[in-house]
Amino acid sequence: MSNAETDPDVWGNNAVSALEFLKEKKKEEELVDNLTAPLSDLPRIDCAFAYGSGVFPQPDNNHTSPTKEVPMVDYILGVSSPVEWHSQNIQLHPNHYSSWLAYFGGDFVTSVAENVGVGVHFNAFVPWHNKTIKYGVIGTETLLRDVSTWQRLYISGRLQKPVRYLVDHIRLEELNESNLQSALCAALLLLPSEFSEEDLYATICGLSYTGDVRMFFAEDKNKVRKIVQGSASKFQDLYRGSISNVASTGTLQLPTVFGADLQSRVFQDDSMSSRSSLLSSLPSSIMQQLAYRTGTKFDSTTAGYSEISEAVLCSKEGHAKMVRRAISSVVRASSFRQMVSGFLAAGGINAGQYVAQKVIKAWRSRQ
């Protein structure tokens, strides 16, 4: 028997570590159970994840403080048939919907979400036991299309940040890996040759807010940094694989101990070949925007993407500004459509209450 096995101090330390691991595991299981519980009252779902400050606390957002309002817990639910799902849910929970939407039924709810908005219908301010929840419902086909192409950069943008997967019958977490890789490539194109690890996560986090109309009047101007600072370790876990993939090609030079300090410096190869490779890794909706802006015919083949990338790199505007504008164009259109859809879906009182909360929060962040 080794000394380590018989040494009381070593044995004691191992026992403490094992106990701490079990406590953390139990805490994690309780959190997941707590988040999953409201879903049991709803019709069947194919995938679900929770997100936002109600799941991952942000700086200055202490849930236990008596002077702080407990934030809503946000969910996205993927369902195979939104029409059938809403029809069933209106029968079960008509009070989750504005009265006029509930009156017209699941067909109409889905029509507003898909033809006015970007495919997501939100029910907000839903009371559930001792908390308030908000859940968005989207068809799984629409969801997966956005994840792979950035057609709307809406749900795909949400999934570029830490989320808590609760139900996953469609392998969403696995399929989202390509979305994370694309987000990393887009962020690197917007960053200089030297930056900090925190800058990288903040740039990734900010992609889906670039051009968002709500940022002008109804969002906390420090939102991106707060998200990163409140979930730094989760961003590291989320992007570890993608960063390793890019670093293995020689595009990134990481510090010896990457992840130990958010201010540690990262270097990237800013050669034409490296930038071209990053550009060719962007999703099809962004490549279409870049093709339009450079006057290049869009072609989804490898040769076509190379031609678009070359045109971007040779443009006077510069690749970073062009990529930013392409992303902004997609986000601006989506955020406006979803804002209009949200007003229609929520009804006057709920919509006013939700916007008022957002505006107050945004106003406070600018003081």
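Mentor: This is a predicted model, in which local features need pLDDT of at least 70 and side-chain atom pairs count only at pLDDT 80 or more, while totals for chains, interfaces and linings use all residues. Residues are numbered from 1 along each chain as its sequence is written, and side-chain values use heavy atoms, with hydrogens and water left out.

Trainee: What is the bridge partner of F122 in strand 4?

Mentor: Strand 3 and strand 4 (residues 131-139) run antiparallel and are joined by six bridges. Within strand 4, the partner of F122 is G136.

Trainee: At what angle do helix 13 and helix 15 pack?

Mentor: Axes are lines fitted to C-alpha atoms, for helices over the stretch in contact, and angles run from 0 to 180 degrees between N-to-C directions. The axes of helix 13 and helix 15 are 9 Å apart, and the two helices pack at an angle of about 125°.

Trainee: Why is helix 13 called oblique to helix 15?

Mentor: Angles under 35 degrees count as roughly parallel, over 145 as roughly antiparallel, 65 to 115 as roughly perpendicular and the rest as oblique. The packing angle is about 125°, which makes helix 13 oblique to helix 15.

Trainee: Which residues touch the most other members of the largest nonpolar core?

Mentor: A nonpolar core is a set of buried Ala, Val, Leu, Ile, Met, Phe, Trp, Tyr and Cys residues joined through side-chain atoms within 4.5 Å, where buried means under 20% relative accessible area, with a 1.4 Å probe and protein chains only. Of the 46 residues in this core, those with the most such contacts are L200, L282 and L290.

Trainee: Which helix gives the largest share of this core?

Mentor: Among the elements that give two or more residues to the core are helix 9 (177-190), helix 12 (232-247) and helix 16 (319-365). The largest share, nine residues, comes from helix 9.

Terms used:
Buried < 20%, exposed > 50% of the residue type's maximum accessible area, 1.4 Å probe, protein only. Helix = DSSP H or I, 4+ residues; strand = E, 2+ residues; numbered from the N terminus. Pairing = 2+ DSSP bridges.
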